[in-house]
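I opened this entry to record what I looked up, one item at a time. The sequence and structure go in first.

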Amino acid sequence: MPEMPEVETVRRTLIPLVKGKTIKKVTLWFPKIVSTDHDKFINELPGKKIIDIDRYAKFLLIRLTGNLTIVSHLRMEGKYHLTSVNAPKDKHDHVKFEFTDGTALRYNDVRKFGRMQLVLTGTERMTTGIGKLGYEPNSAEFTDDYFIDSLKRKKKNIKSTLLDQTIVAGLGNIYVDEVLWRTKIHPLSAASKISRKKVIELRKNINDIISLAIKMHGTTVHTYLDANGHSGGFQKELKVYGHAGEPCVVCGTTLKKIKVAGRGTTFCPHCQVIYK
C-alpha cells in the first residue's frame, strides 16, 4: 500500500500534469471506485478547473473550482497517469477525467480497492476518513509531549498502535518496521510501557525517515509508481523490511519475521528491546 511518502510523491508529480486544466467529461468504468453519489460525480465535475492538489496522510485532495474537492485514497495499488483522450483503455483503468485540452487523467487500480469521494472543500474531516486520523509526521502538532501522552493511553503493542493511524497518520507497514528498528524497539512492546526517552527518539526517527523517504520519492517494493510512471528510491535504504532471514546490518543477528496486527513484521531479536 502506498504510504505517506509515496502519496506525497504522487501529489508532487501530478500537480504539473493537471493543475489549471478544465474537466470536460468524467467516465466511470468501475463506478464502485466512487463512494459518493455517482450521478453527481459525473454531472458536477464538467466545467470545473483543477486549482491544486493537497494531501493529508495517505489521502490526495484534488481541489476544484466551485468549492469542490475530490478526496482520493489509492489503497493498495491505485495509480494516476496522464494520457490522450482516445488512448486505448487498459483493463485496470477505472476512472477517466477528460480535459478540454485533449488530454485525460486516468485512475488505474489492479485490485479496485481505491476510493474517491466528492465533497465540499473544507468538509473533509467531517465527511471522510480523514476525521479519524492523528497528526502527520513533521507537523507542528506532532510534538514530543503529544506523542508521549498519546502512547500512554494505548493498550496495544507499538506496531499495531503506529499502524492504526489515530495517533500519527501516514505510516504503513514498511516505515513502521524501519522506525522501530532504528529506535531499537521490539514491535510487540506495549506502547504505554516505552520509556519517555525512547518515545522522544521514536518521534525523531519517524520524522527523519519520512522526510528522507519523501526526498527519495518513496519506496517501490511491488507496484508503486508516481504519476510519471517512475519508481521510488527509498527501497535502497530499507534495513529490515523485506530482509527477513538476512543478518542485521548492526549486530549480524538473523532478522526475524512474525505477524503483528495481521501484517508481516521484520525485526532484529538482538537489537530491538521489548517493553512490557
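I call a residue buried when its relative accessible area is under 20%, and exposed when that area is over 50%. The model is predicted.

**Entry 1: helix H4.** I looked up which residues of H4, residues 144-152, are buried. They are Phe147, Ile148, Ser150 and Leu151. Next I looked for what covers the buried residues of H4, and the cover includes helix H5 (158-163) and helix H7 (196-215).

**Entry 2: helix H7.** I went on to H7 itself, which has 20 residues. From its first C-alpha to its last it reaches 29 Å, close to the 28 Å expected at 1.5 Å a residue. Its buried residues include Val199, Leu202, Ile206, Ile209, Ile210 and Ile214. Lys198, Arg203, Asn205 and Asn207 are also among the buried residues of H7. I noted the packing partners of the buried residues of H7: H1, H4, H5 and helix H6 (173-183). After H7 comes His217, and its phi is positive, near 70°.

**Entry 3: helix H1.** H1 covers residues 4-18, which is 15 residues. Its reach from first C-alpha to last is 21 Å, close to the 21 Å expected at 1.5 Å a residue. I found H1 mostly covered, with 13 of its 15 residues buried. Gly20 follows H1 and has a positive phi, near 90°.

**Entry 4: Lys24.** Is Lys24 buried or exposed? Lys24 is exposed, because its relative accessible area is 54% and the cut-off for exposed is over 50%. I placed Lys24 in strand E1, residues 23-28. Leaving aside neighbours within four places in sequence, I listed its contacts as Pro46, Glu98, Phe99 and Thr100. I also looked up Gly102, 78 residues from Lys24 along the chain. The C-alpha atoms of Lys24 and Gly102 are separated by 9.2 Å.

**Entry 5: cavities.** Rolling a probe the size of a water molecule over the atoms shows where empty space is left. How many cavities of 30 Å³ or more does a search of the whole structure find? The search finds 1. The largest cavity holds about 40 Å³ of space. I wrote down its lining as Ile23, Ile50, Ile62, Ile70, Phe97 and Leu105. By type, the lining has 6 nonpolar residues, no polar and no charged.

Conventions. Residues numbered from 1 in each chain as written. Predicted model: local features only at pLDDT ≥ 70, side-chain atom pairs only at ≥ 80, totals over all residues. Heavy atoms only, no water. Buried < 20%, exposed > 50% of the residue type's maximum accessible area, 1.4 Å probe, protein only. Helix = DSSP H or I, 4+ residues; strand = E, 2+ residues; numbered from the N terminus. Contact = heavy atoms within 4.5 Å. 1 Å grid on protein atoms, 1.4 Å probe; cavity = no way out; pocket = protein on both sides within 12 Å on 5 of 7 lines; lining within 4 Å. Points joined across faces, edges and corners; volume = space filled by probe spheres on them. Nonpolar A, V, L, I, M, F, W, Y, C, P; charged D, E, K, R; others polar. Expected span 1.5 Å × (residues − 1).
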